[in-house]
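Hi,

Here is the structure I promised to send over. Have a look at it first, and then read my notes below.

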Amino acid sequence: TLVEAARTLVYTVAKAIVTTLPKLAQEIPAWVDHDFVFHEEKRLLTELKKQKEILSDIETAIATYKNFKGALIFSHDSLVANVGYILENFLQIKVSGIEEYKEDLKLMQDGKLIAIAEVKGINSGVQRQHINQVDSHRERQGLAPDFPALLIINTKMTATSLKDKDLDVASEQIRKAVTDKVLIVRTLDLLNLIKLVEISKISKDEILRIFKEEHGWLKATEEAFEIMKA
């Protein structure tokens, strides 16, 4: 009948398609792709290579920013290494550790020591003892009492949001830092400085000047910065 004939035709076509598709899906041999290239295909392959290189550069840049963010969560050796990574990659200065004092860093520019930094991760805000430790480490290195010294500190590590983590440095601790000639920089401030450089609100040279000359608290937000003295 006509219906049976139609069914037979559909079956035959379907069977042919199922049999043919795997053959069509076979990979083209490498020699064919190498020896026979369409003009437009060549242009597209060149463009594809260029776009892959661009994508690789973007992914590398994003990975760098993700590494920077580790300063908001790390402590101990991981935080010290992370802060050193930020200072070197962001400010383009040489940073080295002090072997016997794992929380200390030396900041070098043009082969010259320009500052020392103590790096700490804590579950509270800045305390008097933290500032005292910076002063002691400076003295231990045989440096003058007014030699540039930074307290780079990841405060309130138990925070569960950026708002919760953004804990101000108490006035009495700022005054203590001024008296002891220490500059307090929260890791949140450090990352905000990167944002400020990106929108030309501060330069890298100005940041280095502040590191070398200012005392108190370098408070930085996404929009502005100021040196708090009390």
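What follows is a short tour of the strands, the aromatic rings and one surface patch.

Before anything else, keep in mind that this is a predicted model.

Let's begin with strand β4, which covers residues 149–154. Six of its six residues are buried, so β4 is largely enclosed by the rest of the structure. In a regular strand, side chains alternate between the two faces of the sheet. You can follow that pattern here: A149, L151 and I153 point one way from β4, while L150, I152 and N154 point the other way, and all are buried.

What does β4 pair with? One partner is strand β3 (residues 112–121), which pairs with β4 in the parallel sense over six bridges.

Now for the aromatics. The structure holds three aromatic pairs. In one of them, F36 and F38, the ring centres are 5.2 Å apart and the planes sit at 85 degrees, so the pair is edge-to-face. Both F36 and F38 are exposed.

Y65 and F68 make another pair, with ring centres 6.0 Å apart and planes at 85 degrees, so this one is edge-to-face. Y65 and F68 are three residues apart in helix α3, so about one helical turn separates them. Are these two buried or exposed? Y65 has 40% relative accessibility, so it counts as partly exposed. F68, at 7% relative accessibility, counts as buried because the cut-off for that is under 20%. Y85 comes in here too: Y65, F68 and Y85 form one aromatic cluster.

Last, the surface. Which residues make the nonpolar patch there? V37, L45 and L48 do, and the patch is about 240 Å². L45 lies in helix α3, which runs over residues 39–69. With 47% relative accessibility, L45 counts as partly exposed.

Cheers

Terms used: Residues numbered from 1 in each chain as written. Predicted model: local features only at pLDDT ≥ 70, side-chain atom pairs only at ≥ 80, totals over all residues. Heavy atoms only, no water. Patch = residues over 30% accessible without salt bridge, like charges linked within 9 Å, V, L, I, M, F, W, Y side chains within 5 Å. Areas by Shrake-Rupley, 256 points an atom, 1.4 Å probe, with all protein chains shown as cover. Salt bridge = Lys/Arg side-chain N within 4 Å of Asp/Glu carboxyl O. Helix = DSSP H or I, 4+ residues; strand = E, 2+ residues; numbered from the N terminus. Buried < 20%, exposed > 50% of the residue type's maximum accessible area, 1.4 Å probe, protein only. Pairing = 2+ DSSP bridges. Phe/Tyr/Trp six-rings, centres within 6.5 Å; stacked < 30°, edge-to-face > 60°.
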